[in-house]
Amino acid sequence: MRPFQFVRADDAATAVQTVTANPKAKFLAGGTNLVDLMKLGVERPDLLVDLTRLPFDSVDVEADGTVRIGTNVRNSDLAAHPAVRNGLPLLSQALLAGASGQLRNMATVGGNLLQRTRCVYFQDVTKPCNKRQPGSGCPARQGDHRNLAILGASEACIATHPSDMAVALAALDARVAVSGPDGDRETPLAELHALPGEHPEQETTLRHGELITGIAVPPLAYAERSAYRKVRDRASYAFAVASVAAALDVEDGVVRDVRLAFGAVAPKPWRAHAAEDALRGRPATAASFRAAAEAELAAAEPLRDNAFKVPLITNVVVRTLSDLAGETS
Amino acid sequence: MQLHVNGRLHELALDNRTTLLDALREHLGLTGSKKGCDHGQCGACTVLVDGRRINSCLALAVTLDGVEIRTIEGLSDDGALHPVQQAFLDRDGFQCGYCTPGQICSAVGMLDEFDQGWPSAVTTGGQPAALDAGEVRERMSGNLCRCGAYMNIVPAILDVADAAAGRSSA
C-alpha cells in the first residue's frame, strides 16, 4: 500500500474543502472496498479524509413518508430498521443479500453506492483496463467476462456495478443528497452513475470533492409488496450473477403499476423502464412478465460467456413478479 | 494514537497504512486474530468493535482511536471460557483451528445481532423466531473453514443459542 496522510473530518464542509483542494485525496467511510483496493494498488490516494464520525447516521421518516437515510448508516442497521424492513422489503432484502455480517457492519450507504466494479482486470494492476488506466485497453471482451455486462456497456468497458442495495434504490426512485464546494444539491440516483461510453474512468456524475451525505426514498404506495431476488454462484456471501428488485401493484388481476430494476447486468443499477412500460395495464400473468422482461432485454448485447444472463434475468423477473402477484391476489 | 483492546489502553505510534489486524498481531502481540486472505473474504480476522463483528483486515487502525476492541484473547472471563469457546470445544468445532478465533468472535457478534432481532437473508415473515441451522449458516457465511468443520461449528453455535433461550438441543 502507498503511504498516505490521514485526517478525521469533524464537519462536512471541512471534509469537502479538504478533498476539493487535493486532486489525489479521497473520502474514507467503511473502507471495505477502498482499503482493499489500496492493498491491491488499484487505489492510490495520498490523503484519506475519514467521514465516519460525521453525524450522517440516522434514518428518519418524514410526514409524507419519505425515508431519509444518512450516508454513514451501516448496511446492517439499515436492513434491520423497522421503516425499511416493514415498509421497503426490497431494500432490506437487497442489503441482507449483500456481503457478510461483518462487512454489513462496516459498509455505509454512500460507500456502497460508490464501490467499484469487481471485474478481475480492473482489480489486477498487471493487466490493461480502460477504467483504471484510460486507453490501455480491455481484455474482458475476449477474456473473463462471464459475470460482466449485457446492457449499457461500451467497446471500452463491460464492467458491472456490484451493489445490491443500489438496485433496490433505483427501483424506488431514490434521490442522492450531495454536498460540494458550491453548496448542497440533490440528484436522482438514476443520474448518479454514468454509463462507460468512451470514458469508463468517469463512473459517476459527482465532481471531485463532492460528498454524498444521504439518500431520500420517496413514498411508494405499494412498496410493501416488493422483493429483491438475487442469483449467485453459491448460496451466500457472493456477488450477484443476476438480480431483480421489484414492486408490484395489481388490481383485479391487472398490473396497475410496477417498479423493476436489474443488478449485475449493467455498469449501473439498471432501471427497467421498457419492461415497466410494457407491463402497465397488462394481466398479471407469467406470460406478461416474460414479455416485459424480453422488451427490456431487446437491447441486450451478450458476449460469448455471459449470454446465459439473458434467459437468467428473464426467469428471475418472471419468478419475482409471479411471487408478488400471488401475494397481492 | 490510543487503542482500547480487551479492556486495556495501548499508546501506539502507527503508520497510517496499518490495519487493525496488523496492529493487533504485529504491535500488541495478540496473534489470536488470524490473517487468512487479508481482503475481507474469509473472516479469520473477525474481531468485535464496540461489540459488533468486523473484518479487522479492512479496518485502518488509525480510524479506531478510542473505540472498544475485543479479540479472541479478551473473551474469557478470569480464565473461564466464553460459552461459545466452550461449545466449540464440546462439539469439536474445528480441525486445524486457523479459522476458529474468527469463527468464535463472529458467532459472539452474530448471537448478539440475533438477540437484537436483526433479520437475515433467509428470515421469512420479518421477525426471526429462533436460530436454526439455516439461519446460522447464512449469518455465519462470512467465516470460511477450509477443513470443512461446519458440521460441528453449526451445532456448537446452536448449543449456545439454545442454552441462552433455555432450550436443550440434542
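Which residue forms a salt bridge with B:Arg53? The partner is B:Glu113, and the closest N and O atoms of the two are 2.8 Å apart; a salt bridge here is a side-chain nitrogen of Lys or Arg within 4 Å of a carboxyl oxygen of Asp or Glu. The model is a predicted one, in which local features need pLDDT of at least 70 and side-chain atom pairs count only at pLDDT 80 or more, while totals for chains, interfaces and linings use all residues. Residues are numbered from 1 along each chain as its sequence is written, chains are lettered from A and ligands numbered from 1 in the order in which they are written, and side-chain values use heavy atoms, with hydrogens and water left out.

Chain A contains 11 helices and 12 strands, where helices (H or I, at least four residues) and strands (E, at least two) are DSSP runs numbered from the N terminus. Its C-alpha atoms fill a box of roughly 60 × 50 × 35 Å along the principal axes. The radius of gyration of chain A is 19 Å, which agrees with the value near 20 Å that a compact globule of 329 residues would have; this radius is taken over C-alpha atoms, and the globule rule is 2.2 Å times the number of residues to the power 0.38.

Chain B has 5 helices and 5 strands, and along its sequence they follow the pattern β-β-α-β-β-β-α-α-α-α.

Chain B is divided into domain 1 (2–74) and domain 2 (83–165), with bounds that come from an automatic or database domain assignment. The centres of these two domains, taken over C-alpha atoms, are 21 Å apart. In domain 1 of chain B, 16 residues are in contact with 18 residues of domain 2, contact meaning heavy atoms within 4.5 Å. The area buried between the two domains is about 1,300 Å², with 55% given by carbon and sulfur atoms; buried area is the accessible area (1.4 Å probe) that two parts lose on being put together, summed over both. The count of salt bridges between the domains is 1. On the side of domain 1 of chain B that touches domain 2, strand 3 (46–49) and strand 4 (52–55) of chain B are the elements that give two or more residues, and strand 3 gives the most, with 3 residues.

The contact between the chains takes 37 residues from chain B and 34 residues from chain A, and the area buried between them is about 2,800 Å², of which carbon and sulfur atoms give 52%. There are 2 salt bridges between chain B and chain A, including one in which the side chains of B:Asp38 and A:Lys39 meet at 2.9 Å, N to O. On the side of chain B that touches chain A, strand 4 and helix 3 (100–115) of chain B each supply at least two residues, and the largest share, 4 residues, comes from strand 4.
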